[in-house]
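Dear colleague,

I have kept the notes in the order in which I would look through the structure myself.

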Amino acid sequence: MKIDRRQLLLLLPAAAVAWDAVLAGTPEAAPNYKLTEHWWGMLVDISKCIGCGNCVRACATENDVPEGYFRTWVERYHVSDYDLVNPVVDSPDGGKQGFPPYTETGGKNFFVPKMCNHCAESPCTQVCPVGATFTTPDGVVLVDKEYCIGCRYCIQACPYGCRFLNPKTQTADKCTLCYHRITKGLTTACCEACPTGARQLADLKNPKDPIHAFLKTHTVQVLKPSMATGAKLFYNDLDGSVR
Amino acid sequence: MSRFQDSEHLLRVVLAFALGTLVFVLARTFLVPQSFGEYGHYRANAMTEIAAKPVVFAGHQTCETCHVDVQELKTKGKHAPVNCEACHGAQAKHADDPGAIQPPKLDTATLCVRCHEVNGARPQNFPQIVAKEHDSAGLPCETCHQPHSPRIGAGAKP
């Protein structure tokens, strides 16, 4: 076989692409788990949340979250009858130890569990200067702590305040949607520990997931929809006063 | 006389450029991690590293493979949707070695009120008590309420 100069030049880019693929190698995936078959999100049913703090404790246990930092937390809202836009919000220790009983009467009171919204168009991943945070092909926003330089841009960029700088690793840290669990067929630690089923892991690509029926029959919202983040943390019965 | 005057000047520039390119390509090969760019502008292996973390909560499916009796009792009562580890805590270590690691005995007096102590922000239809005024004379909850099936007289102790 004889290759002239023109043919060789045409072949070179193809060879470069092939060599790149060889260098990259294939990462070990969990058996039977296909990245392209899932699109993860979560459903939070405000009307079921009792503010016990089980999710906050479970998350800290499962993910070694440092004391005083939260990958998920619970807020208690008090909305008075005459001022609907200025709710009183408290979250003592992120709701980890539960909430002291209310003495105030009147208005409405409810709990709002919060965590990373695993946005499809996430502002936090867009600002990372080194490619240390990213949305996986199955829709989970993760932080590569080996690659993070701790510049805190993403912490500022998150409109939901879901990120923090881990004081041990000095890298950005956040909810992983228990990626080590959901890729093994388990639910997240917070969903597992929630006694009332107020939190439900949802696979939006799985047609058998009960989330589809729920979304069709309930008034479900996301937080800050005007920011067009493509948030996948769906709230049922969300009050308009929640920020 | 050569066609271009002083063409060796050009040659030097070309050589310097070629050398620079070579250094860049070599440095890039060593500095960019292997799996970078496989799915996007990030290290694909970071996903596998995060996914490899061991689980701490075993999951109720794991508990139910052994504790069939408790599961049966639970399905009949009000606590049917409550997963085991909601009260018993993370038990993956116990599930891995049930003989050596035993879950600690729970104190129902502190555990039950986490959910059932009255709180204005709790949903109205959720069963709530004022522990101090509850008709229990300071007895632990399980004296009257079997935790796996809490209605009084509903469940025998498994």
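**Chain A as a whole**

Of the 243 residues in chain A, 41% are buried. Please keep in mind throughout that this is a predicted model, for which the scores are ipTM 0.85 and pTM 0.85. The mean pLDDT of chain A is 91, with 93% of its residues at 70 or more, and for chain B the mean is 90, with 95% of residues at 70 or more.

The secondary structure of chain A consists of seven helices and 11 strands, and its C-alpha atoms fill a box of roughly 90 × 40 × 35 Å along the principal axes. Among the contacts in chain A between residues at least 6 apart in sequence, 65% join residues that are at least 24 apart.

**Where the two chains meet**

The contact between the chains draws on 45 residues from chain A and 37 residues from chain B. On the side of chain A that touches chain B, at least two residues each are supplied by α1 (5-24), α2 (54-63), β4 (108-115), α5 (179-182) and α6 (189-193) of chain A, and the largest share, four residues, comes from α2(A). By type, the residues on this side of chain A divide into 23 nonpolar, 13 polar and nine charged.

Helix α2(A) deserves a separate look, as it is mostly covered, with eight of its 10 residues buried. Among these buried residues are A:C55, A:V56, A:R57 and A:E62. What covers the buried residues of α2(A) comes from both chains, and includes β2 (72-80), β4, α6 and β9 (199-203) of chain A together with α5 (84-88) of chain B. Just after the helix, A:D64 takes a positive phi of about 50°.

**Strands of chain A**

Strands β2(A) and β3(A), the latter covering residues 83-90, run antiparallel and are joined by four bridges; a hairpin of two residues connects β2(A) to β3(A), and within this pair A:H78 stands opposite A:V88.

Elsewhere in chain A, four strands form an open sheet in the order β9-β1-β11-β10, with mixed pairing. Its edge strands are β9 and β10 (220-221) of chain A, each of which pairs on one side only. Strand β10(A) is joined by two bridges to β11(A), residues 233-236, and these two strands run antiparallel, with A:V220 standing opposite A:N236.

**Single residues to look at**

Most residues other than glycine have a negative phi. Against that background, A:L177 has a positive phi of about 55° although it is not a glycine, and A:A228, also not a glycine, has a positive phi of about 50°. A:L177 is found in the loop between β8 (172-173) and α5 of chain A, whereas A:A228 lies in the loop between β10 and β11 of chain A. Is each of these two residues buried or exposed? A:L177 counts as buried because it has 27 C-beta neighbours inside 10 Å, where 20 or more are needed; A:A228, with 11 other C-beta atoms within 10 Å, is exposed, as the limit for that class is 12 or fewer.

A:T135, in strand β5 (residues 133-135) of chain A, is buried, with 21 other C-beta atoms within 10 Å. Leaving aside its neighbours within four places in sequence, A:T135 is in contact with A:S122, A:T125 and A:V141. The C-alpha atoms of A:T135 and A:A120 are separated by 7.4 Å, with the two residues 15 apart along the chain.

**Chain B**

The domain assignment of chain B gives domain 1 (7-51) and domain 2 (60-143), and the centres of these two domains, taken over C-alpha atoms, are separated by 56 Å.

With best regards

Conventions
Residues are numbered from 1 along each chain as its sequence is written. Chains are lettered from A and ligands numbered from 1 in the order in which they are written. This is a predicted model: local features need pLDDT of at least 70, side-chain atom pairs count only at pLDDT 80 or more; totals for chains, interfaces and linings use all residues. Two residues are in contact if their C-beta atoms, placed from the backbone, lie within 7 Å. Ala, Val, Leu, Ile, Met, Phe, Trp, Tyr, Cys and Pro count as nonpolar, Asp, Glu, Lys and Arg as charged, and the others, Gly among them, as polar. Two strands pair if DSSP finds at least two bridges between them. pLDDT is the predictor's confidence in each residue, from 0 to 100. Domain bounds come from an automatic or database domain assignment.
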